[in-house]
Amino acid sequence: MRKLLATSGAAVIAAYAVYGALLMNNWAVVAASGIPLDETIVQMAAMDQDYDSLGGWVFAAIGIALAISWLVSVIASGRKLPAWAAIGTWSLIVALGAPAYFFASFANMNSVGDTFADWNAGAAADLEEPLYIASILALALLAAMGVLGLRAALTRPPRPLAQASR
């Protein structure tokens, strides 16, 4: 069961990363400009505004690397890593996805806004909303796991000194 849950959690992190990359490299740019990506890039270049897909690729690569690292660490630790700690680290990764996405996508979206006076920021925000909601929910879950971890630490009986020094 632990392996299934860990694999599912890693898949969610990887999907978050890939969805974010597709948004910042294509979907949000197209939604905000209102025209196809190729035409958007041409018009941005004509206005001396940059478009770069590197941010999206880096976001995806880091997200997938985090997903794999988290998966391996949770499975390799077996029962040594408490569930609250595994869920907490997963939550931290997803919660930090929103600020990472914002900073990684800022350059392209700023260029769209500088190029198109009538750009539709709301259309891009509608596409980005699932990422921000997922991160907010993960932050709430992270807080809950922190409380559970603190409770576990406070209710655990103290170990004898001979055992604690080993």
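Buried here means under 20% relative accessible area, exposed means over 50%, and partly exposed sits in between (1.4 Å probe, protein chains only). This is a predicted model, so local features need pLDDT of at least 70, side-chain atom pairs count only at pLDDT 80 or more, and totals for chains, interfaces and linings use all residues. Residues are numbered from 1 along each chain as its sequence is written, and side-chain values use heavy atoms, with hydrogens and water left out.

**Helix H2**
- Helices are DSSP runs (H or I, at least four residues), numbered from the N terminus.
- H2 covers residues 37–46, and its buried residues are Leu37, Thr40 and Met44.
- Those buried residues line one face of the helix, because they fall within an arc of 60° seen down the H2 axis; the arc is taken from the directions from the helix axis to the C-beta atoms.
- The buried residues of H2 pack against H1 and helix H5 (97–115), where contact means heavy atoms within 4.5 Å.
- Over on the other side of H2, you'll find Asp38, Val42, Ala45 and Ala46 exposed.
- After H2 comes Asp48, with a positive phi near 65°.

**Trp27**
- Trp27 belongs to helix H1.
- Its relative accessibility is 37%, so Trp27 counts as partly exposed.

**Transmembrane annotation**
- An unreviewed UniProt entry puts "transmembrane region" at residues 56–76, 83–104 and 131–150; such annotations may be inferred rather than shown by experiment.
- Residues 56–76 are 100% helix and 0% strand, with end C-alpha atoms 30 Å apart.
- Residues 83–104 come out at 95% helix and 0% strand, with end C-alpha atoms 31 Å apart.

Technical notes:
Helices (H or I, at least four residues) and strands (E, at least two) are DSSP runs, numbered from the N terminus.
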